[in-house]
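Here are a few exercises to work through with the model open in your viewer. Try each task before reading its solution.

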Amino acid sequence: MNKNKVLQVWMGILLCSVNGLLGSALECSDHDLTGAICSISVEKLLDRAIQHAELIYRVSDEARTLFEEMFIPLAISAHQSYGGNSCTSNLVHVPTSKLEIQQISDKWLLHSVLILVQFWIDPLADLQDSLDRYDNAPSSLLSKTRWISTKLMNLKHGVLVLMSKMLDEGSLELENNESMTRHMVAPAMAEHVLRDYTVLTCFKKDAHKMETFLKLLRCRQTDNLSCPFF
């Protein structure tokens, strides 16, 4: 069995396991994630949101690695000449430094997660459309990116429920940054492969931020003032 075949089999097993684990990860009932009051405790909701964020980050890392192995060597010269990442999401106002993250309120921790989730919905949809046009994109990569988009929407609903329960803000919807989400790299970067690779790279970084913010929020909820892992 060749390397690609082994990789696809392994990825299929992983995705089946992940999907099984997350089948009810953020669900309270059929209606609770779409605006109704959820009967599950804040603690359990937060734990499930963290589990969701952890798996989104893990799968995004695997998707980026797989994409790099499959396509980046084909454009390695252009990639080496490109001066660093151009993550447009850097322009979104969320805390970035360790000091900011420690000082931000619980309210803005949740707002920051929601801002990042909503920011990425359109770029990931665009990425999927782009990958679907590749002649040789492995099915495991396409499955992973579709899975990420679906679970990101689930995470959005879960965060909205948390905000409703913890902050009494109801089903808050933030403003859509359409002008930013459609331009993830510099205009001169026309190569589709490098554009898609940049989207995956930037999303992986922001998925880690979502996970970090949610874990800090859980730490605070347990009255642990030190929270040493931040």
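Axes here are lines fitted to C-alpha atoms, for helices over the stretch in contact, and angles run from 0 to 180 degrees between N-to-C directions. Keep in mind that this is a predicted model.

**Exercise 1.** Find the angle and the axis distance at which H6 and H8 pack, then classify the pair.

*Solution.* Start with the geometry: the angle between H6 and H8 is about 30°, and their axes are 13 Å apart. Next, apply the cut-off: angles under 35 degrees count as roughly parallel. H6 is therefore roughly parallel to H8. To finish, look at the handedness, which is left-handed for the crossing of H6 and H8.

**Exercise 2.** Describe how helix H5 packs against helix H6, and which kinds of residue make the contact.

*Solution.* First locate the two elements: H5 covers residues 106-132 and H6 covers residues 139-167. Their axes lie 9 Å apart at an angle of about 160°. Since angles over 145 degrees count as roughly antiparallel, that angle makes H5 roughly antiparallel to H6. The crossing of H5 past H6 is left-handed. Sorting the residues of this contact gives 21 nonpolar, 5 polar and 4 charged.

**Exercise 3.** Count the aromatic pairs, then characterise the pair formed by Phe71 and Tyr134.

*Solution.* Rings pair if their centres lie within 6.5 Å, and by this rule there are 6 aromatic pairs. For Phe71 and Tyr134, the centres are 5.0 Å apart and the planes are at 75°. Planes over 60 degrees apart count as edge-to-face, and this pair is edge-to-face. Now place the partners: Phe71 belongs to helix H2 (residues 42-71) and Tyr134 to the loop between H5 and H6, a separation of 63 residues. Phe71 and Tyr134 are both buried. Widening the view, ring pairs link Phe71 and Tyr134 with Phe67 and Tyr197 into a cluster.

**Exercise 4.** Which geometry do the rings of Trp120 and Phe203 adopt, and which helices hold these residues?

*Solution.* The ring centres of Trp120 and Phe203 are 5.3 Å apart and the planes are at 75°, so the pair is edge-to-face. Because Trp120 lies in helix H5 and Phe203 in helix H8, this pair ties together parts 83 residues apart in sequence. Trp120 and Phe203 are both buried.

**Exercise 5.** Search the structure for disulfides and describe what you find.

*Solution.* The search of the whole structure returns 1 disulfide. Cys87 is joined to Cys202, with an S to S distance of 1.9 Å. The torsion about their S-S bond is about -90°, so the disulfide is left-handed. Cys87 sits in the loop between helix H3 (76-81) and helix H4 (98-103), while Cys202 sits in helix H8, so the pair ties together parts that are 115 residues apart in sequence. Finally, check accessibility against the cut-off of under 20% for buried: Cys87 counts as buried at 8% relative accessibility, and Cys202 counts as buried at 0%.

Technical notes: Residues numbered from 1 in each chain as written. Predicted model: local features only at pLDDT ≥ 70, side-chain atom pairs only at ≥ 80, totals over all residues. Heavy atoms only, no water. Helix = DSSP H or I, 4+ residues; strand = E, 2+ residues; numbered from the N terminus. Parallel < 35°, antiparallel > 145°, perpendicular 65-115°, else oblique. Left-handed = near helix turned anticlockwise from the far one by under 90°. Nonpolar A, V, L, I, M, F, W, Y, C, P; charged D, E, K, R; others polar. Phe/Tyr/Trp six-rings, centres within 6.5 Å; stacked < 30°, edge-to-face > 60°. Buried < 20%, exposed > 50% of the residue type's maximum accessible area, 1.4 Å probe, protein only. Disulfide = S-S within 2.5 Å.
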